[in-house]
Amino acid sequence: TWRVSAFWLQPLQNRVALAIADRSAVGIVRSAALAVALRQLAPDTRVVVRPVVSTFGEPVLSPEEVTERDPQRWVICGGTELVRRSLRSFPGAGELFVVGGADSPEIRQQLDAAHYLPEVVAATASGILAESAFGWIDYFETLDVPMAAVLKSTTFAAYCAHGVIPVFPAATSTIAEGLPGPFTMANLPSASARPAIALAIYEWYRAHASSAQLAATVSEALAS
């Protein structure tokens, strides 16, 4: 798949990507790293970075709705494997809600019913996210992948879209220009610092990663 770095090292895949780029008005990629790779492969192609959008909604929240949250409220959300991996590494801080993925008896043994919402509809997930301060995400299986790769994660997008601060087990590089973080338990924002950081993340998503921004990019490309 072109989403992994190994793709760009394969001659056949390179030729396929170049053929597609030559026929395209614009190339939309998920991260700056992919943009660099595509520009090297097809320097005449216009490349735009647009992170993946949230599949759990993009609520319009007031500054107070983003900043006035219980700093002890945590959430883990996503698909089955990401939820399981994230729950295994979660350091156990605060009150945790686990949202999404397939129903797991193993997880049910760890959490009470009120805190475990598998196979959840988007509106319910959005409600939980909109009340959470931090979101744990164990996205990377190895540490040799640039942090910017998380921009293709719908879980990361959902956290940002709801003003939830994403927190990783480890961080090796920045994610995107203008986006606070990345954060780990070692540099977790304090209760006093959290509101401003959460609001900055929420505003970054709306300005750079929202479905409205994606639609505007596609519309501009089609019009050119």
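The mean pLDDT of this predicted model is 84, and 76% of the residues of the protein reach 70 or more. Over residues 1–9, however, the pLDDT is below 50. Beyond near neighbours in sequence, that stretch has 15 contacts in the model.

**Overall build**
- Nine helices and seven strands make up the secondary structure of the protein.
- The protein has 224 residues, and 47% of them count as buried.
- Its exposed surface comes to about 11000 Å², with 56% of that supplied by carbon and sulfur atoms.
- Taking contacts between residues at least 6 apart in sequence, 58% join residues at least 24 apart.

**The largest nonpolar core**
- In soluble globular proteins, nonpolar side chains tend to be buried together.
- The largest nonpolar core here holds 55 residues, and Phe156 and Ile175 touch the most other members.
- Helix α8, which spans residues 194–208, gives the most to this core, with seven residues.
- Leaving out residues up to four places away in sequence, Phe156 touches Ile137, Val150, Leu151, Pro166, Phe168, Ile175 and Leu179.

**Arg85**
- Arg85 lies in helix α4, which covers residues 80–89.
- Arg85 counts as buried because its relative accessible area is 19%, and the cut-off for buried is under 20%.
- Apart from neighbours within four places in sequence, Arg85 is in contact with Asp138, Tyr139 and Glu141.

Notes: Residues numbered from 1 in each chain as written. Predicted model: local features only at pLDDT ≥ 70, side-chain atom pairs only at ≥ 80, totals over all residues. Heavy atoms only, no water. Core = buried A, V, L, I, M, F, W, Y, C linked by side-chain atoms within 4.5 Å. Buried < 20%, exposed > 50% of the residue type's maximum accessible area, 1.4 Å probe, protein only. Helix = DSSP H or I, 4+ residues; strand = E, 2+ residues; numbered from the N terminus. Contact = heavy atoms within 4.5 Å. pLDDT = per-residue confidence, 0-100. Areas by Shrake-Rupley, 256 points an atom, 1.4 Å probe, with all protein chains shown as cover.
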